[in-house]
Amino acid sequence: MNPFVLPLSCTLFVFLRFLFHHDLVINLWILVWAIDAVIIGLGLISVIQLIVIIRKKHNRFAAILLSALLAIGGISYGTDLVKDLGLRLRFHRLKPAYSEIVEKISSGKMTGKGTHLGIRYESETDPVTRVSFSWGGMIDNWYGIIYDPSGKIMRINESDPRFPDQNPDTTNEDKELWKIRMIFGGVLYKAERLSDHWYLCWFT
């Protein structure tokens, strides 16, 4: 058996595990710890195997592969870089369908809530037409894409997400910000601009 098969496979598994992190958590959440345990175990075996090859044969490819495995493992488990890349790739893959839904809602060809092209959507029109596409969650704890032509949804990042006050009469913030926080039946606490009028948002 080729001694580089396991290290190469492990490097690929680590990258894919974090590239599709959110889909994994949503669909196979009960197996996440087991998957991580397997990957880490295989990673340790791969590292030891590569070190032995380097010490015995001074193999340059083994050294490169070891560096790549450690780098990808460190970046994936130590930062959100690969996770964020996965989210952006998912958005750009679905953007054409999302754009079609928004266009049909805006032109009155579709209802404000439903399923189109296998994608569930929901819209609100007060004060502007916003459309949401959930990427998963439980009850009012969810995250997903929101189309907001006004761009005002980014104002949510001005407030403290840890202690949202749901009563506009007892807070010093203006009512516009409060209304933005309460869109789509949850408490919006974070928004990240992905492209034009498209935002990745988190609710609690």
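**View A. Pairing of strand 1 with strand 2.** In this predicted model, G114 has Y121 of strand 2 as its bridge partner. Strand 1 (residues 113-116) and strand 2 run antiparallel and are joined by 4 bridges. The hairpin formed by these strands has 2 residues between them, and L117 adopts a positive phi near 60 degrees there.

**View B. The two faces of strand 2.** Strand 2 spans residues 119-124 and has one covered and one uncovered face. I119, Y121 and S123 make up the covered face, whereas R120, E122 and E124 make up the uncovered one. In a regular strand, side chains alternate between the two faces of the sheet. Y121, on the covered face, is the residue that pairs with G114.

**View C. Pairing of strand 2 with strand 3.** A hairpin of 5 residues leads from strand 2 to strand 3. The two strands, the latter covering residues 130-138, run antiparallel with 3 bridges between them. S123 is placed opposite V131 of strand 3, and E124 has R130 as its bridge partner in strand 3.

**View E. Salt bridge between K95 and D196.** The side chains of K95 and D196 form a salt bridge with an N to O distance of 3.8 Å. K95 is in helix 5 (residues 81-106), while D196 is in the loop between strand 5 (188-195) and strand 6 (198-203), so the pair ties together parts that are 101 residues apart in sequence. D196 has 45% relative accessibility and counts as partly exposed. The whole structure contains 7 salt bridges.

**View F. Salt-bridge network of K152, R155 and E176.** Salt bridges link K152, R155 and E176 in a network. E176 meets K152 at 2.9 Å, N to O. E176 lies in helix 6 (residues 175-181) and K152 in the loop between strand 4 (141-147) and helix 6, so this pair ties together parts 24 residues apart in sequence. The side chains of R155 and E176 meet at 2.7 Å, N to O. This second pair also links distant parts of the chain, with R155 in the loop between strand 4 and helix 6 and E176 in helix 6, 21 residues apart. E176 is partly exposed, at a relative accessible area of 33%, and K152 is partly exposed as well, at 39%.

**View G. Contact of helix 1 with helix 3.** The axes of helix 1 (residues 5-19) and helix 3 (residues 32-57) come within 9 Å and cross at roughly 145 degrees. The crossing is left-handed. Helix 1 contributes L6, P7, C10, F13, V14 and R17 to the contact. From helix 3 come V32, D36, I39, L42, G43, I45, S46, Q49 and L50. The residues of this contact divide into 10 nonpolar, 3 polar and 2 charged.

Definitions and conventions:
Residues are numbered from 1 along each chain as its sequence is written. This is a predicted model: local features need pLDDT of at least 70, side-chain atom pairs count only at pLDDT 80 or more; totals for chains, interfaces and linings use all residues. Side-chain values use heavy atoms; hydrogens and water are left out. Axes are lines fitted to C-alpha atoms, for helices over the stretch in contact, and angles run from 0 to 180 degrees between N-to-C directions. A crossing is left-handed if the near helix is turned anticlockwise from the far one by less than a right angle, and right-handed if clockwise. Contact means heavy atoms within 4.5 Å. Ala, Val, Leu, Ile, Met, Phe, Trp, Tyr, Cys and Pro count as nonpolar, Asp, Glu, Lys and Arg as charged, and the others, Gly among them, as polar. A salt bridge is a side-chain nitrogen of Lys or Arg within 4 Å of a carboxyl oxygen of Asp or Glu. Buried means under 20% relative accessible area, exposed over 50%, partly exposed in between (1.4 Å probe, protein chains only). Two strands pair if DSSP finds at least two bridges between them.
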